[in-house]
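Hello,

Here is the structure I promised to pass on. My notes follow below it.

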Amino acid sequence: MIVLRKIVVINQKGGVGKTTTVVNLASGLARSGKKVLLIDLDPQGNIATCLNVKSIKDIYDVIVEGVDPMVCIVKADENLDVITSKETLTKAEMILVGEASRETLLRRRLSGVKGYDFVIMDCAPSLGLINQNAILYGNEIFIPASTDVLALSGLRNMIRAIEKINEVFAHDARISKIIPTMYDQRNKICKDVLGQMKSEWDGVLSEPIRVNSKLKECPGSGKSIFTYDASCRGAKDYDLLVKGVLAPQSQGAPAAVQTRFEAPSSGRTIIRRTPFAQ
Ligand SMILES: Nc1ncnc2c1ncn2[C@@H]1O[C@H](COP(=O)(O)OP(=O)(O)OP(=O)(O)O)[C@@H](O)[C@H]1O
Ligand SMILES: [Mg+2]
């Protein structure tokens with residue numbers, strides 16, 4: 001029996017490499033023989049461009065019109081299917097506000113999705129209702145975070161928000177990977193921030209994705225980095241991420257971020273319970 005892994009790639013901070021990670025992770029898993037459904041939950045609709053697919057029905061129809069997700073799926077590559085998104089999804093956010101059990105609507109709408117090893121979701125840079133729905137659908141959360149100073153506080157807020165959603169809805173979406181992105185090893189700030197990430201989230205921190213111009217170029221080609229330039233740094237880094245996701249220790253119950261944080265100065269352990277959306 002196929003056990004479906006539902007990975008939500010999220011960070012409320014914009015431009016940190018969520019879409020780049022989703023496209024290349026999904027493509028890498030598909031190339032290794034896994035059946036992958038990639039769902040774009042961002043009204044920017046970048047996935048369709050990145051993978052050069054077109055679709056008449058998209059995730060708006062699934063969420064708002066109740067259209068069967070299976071009829072919204074388009075094939076992007078061998079083993080890789082996609083449900084696209086476009087700007088109409090912004091309206092869905094407003095329509096959802098009036099729905100009963102609005103936070104779990106996506107989970108209900110996608111309950112019939114079968115035959116995949118992975119469903120991977122690309123989220124918009126927000127903490128809106130659609131993203132809450134994504135978290136409540138997922139069982140694994142990946143947070144790409146750029147290796148710059150401002151990223152750290154955003155990352156802590158994101159983790160708190162996910163914990164709060166889990167707590168309020170008695171859900172168990174586990175933050176199983178924090179992915180440092182835009183890493184430049186010649187840059188002291190990048191090294192410092194990566195060091196800080198290691199000290200706070202060692203168990204779930206993956207190897208950094210380095211800055212690589214090929215990763216910037218490849219969305220325009222409609223290809224993943226593995227097809228665009230298999231020998232570049234970006235392809236190597238994302239290949240390592242794919243291997244990490246497929247590693248035996250990542251299957252089944254994934255490691256999860258600790259809800260206990262070591263206070264760096266005193267060594268005290270504190271439990272953060274800061275409310276969501278404060
Ligand atoms: N490792 C990298 N090296 C160089 N450029 C990168 C890297 N990762 C992503 N980029 C580029 O940075 C920009 C932002 O990346 P991306 O769209 O993946 O971020 P995002 O978090 O999905 O953004 P948004 O929050 O707007 O959805 C894009 O132009 C992308 O090509
Ligand atoms: Mg994006």
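The face of α8 turned away from its buried side carries Lys188, Gly195, Lys198 and Ser199, which are exposed. Helices (H or I, at least four residues) and strands (E, at least two) are DSSP runs numbered from the N terminus.

This is a predicted model: local features need pLDDT of at least 70, side-chain atom pairs count only at pLDDT 80 or more, and totals for chains, interfaces and linings use all residues. Residues are numbered from 1 along each chain as its sequence is written, while chains are lettered from A and ligands numbered from 1 in the order in which they are written.

Back to α8. Cys190, Val193, Met197 and Trp201 are buried there. Seen down the helix axis, the buried residues of α8 fall within an arc of 70° (directions from the axis to the C-beta atoms), so they line one face. Their cover includes α7 (149-168) and β7 (174-181).

Next, lysine 223. It sits in the loop between α9 and α10 (225-228). Lysine 223 counts as partly exposed because it has 18 C-beta neighbours inside 10 Å. Leaving out residues up to four places away in sequence, lysine 223 touches Cys218 and Tyr228; contact means C-beta atoms, placed from the backbone, within 7 Å. Its C-alpha atom is 8.9 Å from that of valine 23, 200 residues apart along the chain.

Best wishes

Conventions: A residue is buried if 20 or more other C-beta atoms lie within 10 Å of its own, exposed if 12 or fewer, and partly exposed in between; C-beta atoms are placed from the backbone. Two residues are in contact if their C-beta atoms, placed from the backbone, lie within 7 Å.
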